[in-house]
Amino acid sequence: MRTVRPIEIARAGWGLALLVAPGPVLRNFHGVRVDRRSLVVARVLGARHLTQAVLSGVDPSPEVLAMGVWVDTAHGASAVGLAAVDHSRVRGGLLDAGLALTWALAGYRALRRPDAQSPRHDRRRDALARKVLRYVPGGRRLQLAAGS
C-alpha cells in the first residue's frame, strides 16, 4: 500500500494557496507590500511547492527525500537573502525562510529514519535526484545521508 506523507499534503495546500491567491497570502500572512513582482514570485514558489509535493509526497525514496531537503534549504537561504537586501520585505523573507527551513528539517528527519522511507524505488525519480545532488553544493553530503 502506498503512503502519502502528511507534511506533503500541507505543502500542496500551501503551494495551491500561493498559486491561486498570492495577494491575500502575501498581505495577510507575510505582511508585505504586494506588487506585480511579488505576485509572480509567489506563484512561482506555489508551483514549486506543488511540484515537490507531487514528487515527494507518495512513498519517497531516500534520494528523493535528500533532494527535497536540498531544495527547501536553498529556498530558505534565498529568502534570507531577500530579507537582507530588501528591507521592505524583511518580515516576508524571514517568515518564508522559516517555513522552508521547517520543511527541510522535516525532510532531513525523515531521511534519518529508515521507517519513514519507502523501500520502493522509482528509477526515474531517484536517478534525477541522484544526478542533481551530484552537482549542487552540499548534495554529496545529503546523498551520503540517503545511503546512495
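Trainee: Which residues make up the largest nonpolar core?
Mentor: Keep in mind that this is a predicted model. The largest nonpolar core has 11 residues: Leu65, Ala66, Met67, Val69, Ala110, Leu111, Ala129, Leu133, Val136, Leu142 and Ala146.

Trainee: And which elements give two or more residues to this core?
Mentor: Those are helix 4 (62–85), helix 5, helix 6 (123–135) and helix 7. Helix 4 provides the largest share, four residues. There is also a second, separate core of seven residues, with Val25, Leu26, Ala42 and Trp103 among them.

Trainee: Switching topic, where is Asp96?
Mentor: Asp96 is in helix 5, which covers residues 90–112.

Trainee: What is the nearest side chain of opposite charge to Asp96, and how far away?
Mentor: That is Arg48, 7.1 Å away. Asp96 is buried yet has no salt bridge.

Trainee: What does Asp96 touch, then, leaving out residues up to four places away in sequence?
Mentor: Asp96 touches His30, Leu45, His75 and Ala79.

Trainee: Now the outside: which residues form a nonpolar patch on the surface?
Mentor: Leu16, Leu19 and Val20 do, with about 260 Å² of accessible area together. Of these, Leu19 sits in helix 1 (residues 6–20) and is partly exposed, at a relative accessible area of 30%.

Trainee: Last one, is Arg141 buried or exposed?
Mentor: Arg141 is exposed, because its relative accessible area is 69%, and the cut-off is over 50%. Arg141 belongs to helix 7 (residues 139–146).

Trainee: How far apart are Arg141 and Ala66?
Mentor: They are 75 residues apart in sequence, and 9.3 Å apart in space from C-alpha to C-alpha.

Key: Residues numbered from 1 in each chain as written. Predicted model: local features only at pLDDT ≥ 70, side-chain atom pairs only at ≥ 80, totals over all residues. Heavy atoms only, no water. Buried < 20%, exposed > 50% of the residue type's maximum accessible area, 1.4 Å probe, protein only. Lys, Arg positive; Asp, Glu negative; His and termini not counted. Salt bridge = Lys/Arg side-chain N within 4 Å of Asp/Glu carboxyl O. Contact = heavy atoms within 4.5 Å. Patch = residues over 30% accessible without salt bridge, like charges linked within 9 Å, V, L, I, M, F, W, Y side chains within 5 Å. Areas by Shrake-Rupley, 256 points an atom, 1.4 Å probe, with all protein chains shown as cover. Core = buried A, V, L, I, M, F, W, Y, C linked by side-chain atoms within 4.5 Å.
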